[in-house]
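Good morning, everyone. Please bring up the model on your screens, and we'll walk through it together.

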Amino acid sequence: MTTPDVPDLRTLLRAPAQTPAQTPVPAPAAVPTPVPADVPAAPAEVPGVPAPVPAGTPAAPAPVPTAAPEDALAALPATAPGGFTPEQARKDVPILHRTVNGHPLVWLDNGATTQKPRQVIEALSAYYGAANSNIHRGAHTMAREATELYEAGRTAVAEFLGAASPENIAFVRGTTEGINLVAQSWGRSVLQPGDEILVPVLEHHSNIVPWQLLAKETHARVVPVPLTPEGEIDQKAYADLLSARTQLVVVSQASNVLGTVPPVAEMAALAHRYDARVLVDGAQAVAHMPVDVRRLGADFYVFSGHKLFAPTGIGALYMTPEMMGAMRPWQGGGNMIESVSFERTTFAPVPHLLEAGTGHISGVVGLLAAIDWLRSFDREAVTAYENALMTYATQAMATVPGLEVIGSAAERIAVLTFTLAGHDPASVADWLDRDGIAVRAGHHCAQPALAHYGLESAARASFALYNTSDEVDQLVASLRRLQAGA
Ligand code: PLP
């Protein structure tokens with residue numbers, strides 16, 4: 001393999017962005033497009049599984065469902081307004097062309113993690129093949145280049161979220177770490193005994209447990225905000241729970257278990273009237289809808305790269321300038337200091353204050369590539385497509401005898417959590433897996449939300465832009481076969 005030369009990489013670093021910036025942040029660097037690299041075009045063969053089909057090869061035809069959900073078939077338009085079709089995304093994602101248990105993979109576990117386009121895979125290879133260096137501290141060319149890439153990632157995230165400046169963004173491992181960071185860096189110095197943190201029953205454990213730990217430490221209180229029978233946050237109860245004691249309201253922009261999309265902007269506006277801060281968990285939202293943190297009124301916004309077609313181990317925290325000023329060191333080490341002596345240590349400004357140690361540089365490169373990939377599509381059209389797919393899937397699932405979808409909020413992302421009469425969720429997931437269909441079963445790290453429906457466990461099909469109505473048909477056909485005892 002020939003090593004890509006530095007001038008190529010530098011050109012790539014300085015190339016203009018594909019999409020005009022939404023906000024007045026400096027122009028982002030382009031994603032490092034692939035250099036000749038030894039990235040396998042298709043995933044490695046998995047023991048016991050037929051060899052994967054090379055990338056770019058059309059997926060094998062879907063098996064014909066034993067019983068098509070006739071009522072549902074008309075619901076999905078061939079293309080979403082704006083012209084988006086899932087094939088535009090599918091062709092870029094090699095893993096979607098592999099087989100599992102002898103069947104073409106149907107990946108419906110996007111709520112857990114998303115699959116990666118080759119642009120992300122190749123960006124990682126290009127980085128390690130031509131640009132690997134530690135950042136910030138080196139005085140050589142490659143350290144400067146890696147630093148440029150890392151900061152280009154920060155700029156891309158700022159633009160992607162509609163932040164005013166890259167400085168509003170700190171890199172973290174993911175949503176969980178971002179929330180813990182806010183709890184430790186902000187919450188510990190701000191919360192007083194008797195203060196309250198409002199936490200909807202809908203939340204993922206990552207947006208419950210850190211607040212419980214913080215409340216224990218500070219003698220504050222975690223106050224659950226109840227749900228309606230439909231699985232929406234009870235807005236009347238929320239308004240009644242807000243008070244001068246409320247320091248923080250946390251809320252997911254989209255629920256990982258019910259798909260509910262709460263009225264976050266309205267909730268934030270109400271919280272601000274009480275001078276409370278608002279943390280928005282964007283883990284499930286970022287891949288499915290355009291985000292504008294300032295329009296949402298978020299004081300903090302967190303997300304995980306791996307749910308956005310980027311690698312695991314990288315995510316981002318957005319903070320308003322006011323919250324930036326309120327952050328305290330939460331982990332100590334290199335990169336987060338100005339100077340260290342045994343008499344006096346001084347600290348770097350936010351966001352570097354929050355990024356002790358060597359960051360996940362290649363993760364940032366992958367995140368940059370993923371954002372650029374997503375931005376190559378019309379986001380509104382993608383959302384419209386996913387909404388249409390969700391309508392189609394909801395109608396199709398209704399044709400399965402004994403299947404009950406959990407939650408029926410008016411606004412939802414494409415997540416269908418369900419139970420199937422006569423079968424426990426784990427055996428449903430196991431059955432589907434035999435047909436190459438990946439869904440998750442369990443408590444989905446949202447035990448309080450499931451308990452609201454008297455459940456401990458459920459199966460979940462969660463969709464992304466590359467999923468098709470054919471895949472919905474395969475899911476429904478497989479479930480119907482299970483119910484038919486086939
Ligand atoms: N919040 C929500 C709504 C989630 O769905 C998830 C993961 O499923 C998380 C937080 C935690 O994300 P991570 O495990 O990437 O930190």
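Phe84 is buried, and Phe377 is buried too. Keep in mind that this is a predicted model. How do the rings of Phe84 and Phe377 sit against each other? They form an edge-to-face pair. Their centres are 5.5 Å apart, with 80 degrees between the planes. Now look at where they come from. Phe84 lies in the loop between α1 and α2, and Phe377 in the loop between α11 and α12, so the pair ties together parts that are 293 residues apart in sequence.

Next pair: Phe309 and Trp373. Their ring centres are 5.3 Å apart and their planes stand at 70 degrees, so this pair is edge-to-face. An angle over 60 degrees is what counts as edge-to-face. Phe309 lies in the loop between β9 and β10, while Trp373 lies in helix α11, so parts 64 residues apart in sequence are tied together. Both Phe309 and Trp373 are buried.

Ring pairs join Phe84, Phe309, Trp373, Phe377, Tyr385 and Tyr466 into a cluster. The count for the model is 8 aromatic pairs.

On to charges. How many salt bridges does the structure hold? There are 18. Take Arg118 and Glu122. Their side chains meet in a salt bridge at 3.9 Å, N to O. Both lie in helix α3, 4 residues apart, about one turn of the helix. Arg118 is partly exposed, at 33% relative accessible area. Arg118 and Glu122 also belong to a network of salt bridges with Lys91 and Asp92.

Arg434 forms a salt bridge with Asp430, and the closest N and O atoms are 3.3 Å apart. The two residues are 4 apart in helix α13, so about one helical turn separates them. Arg434 is partly exposed at 49%, and Asp430 is partly exposed at 41%.

Now Arg481 and Asp435. Their salt bridge spans 2.8 Å, N to O. This pair links distant parts of the chain: Arg481 is in helix α15, Asp435 is in the loop between α13 and β15, and they are 46 residues apart. Is Asp435 buried or exposed? At 16% relative accessibility, Asp435 counts as buried, because the cut-off for buried is under 20%. Arg481, at 23%, is partly exposed.

Last stop, the strands. β5 and β6 pair in the parallel sense over 5 bridges. Leu198 stands opposite Val223 in β6. Together with helix α6, strands β5 and β6 make a right-handed β-α-β unit.

How values were computed: Residues are numbered from 1 along each chain as its sequence is written. Side-chain values use heavy atoms; hydrogens and water are left out. Two strands pair if DSSP finds at least two bridges between them. A crossover is right-handed if, with the strands pointing away from the viewer, the path from the first strand over the helix to the second runs clockwise. Rings of Phe, Tyr and Trp (its six-membered ring) pair if their centres lie within 6.5 Å; planes under 30 degrees apart count as stacked, over 60 as edge-to-face and the rest as tilted. Buried means under 20% relative accessible area, exposed over 50%, partly exposed in between (1.4 Å probe, protein chains only). A salt bridge is a side-chain nitrogen of Lys or Arg within 4 Å of a carboxyl oxygen of Asp or Glu.
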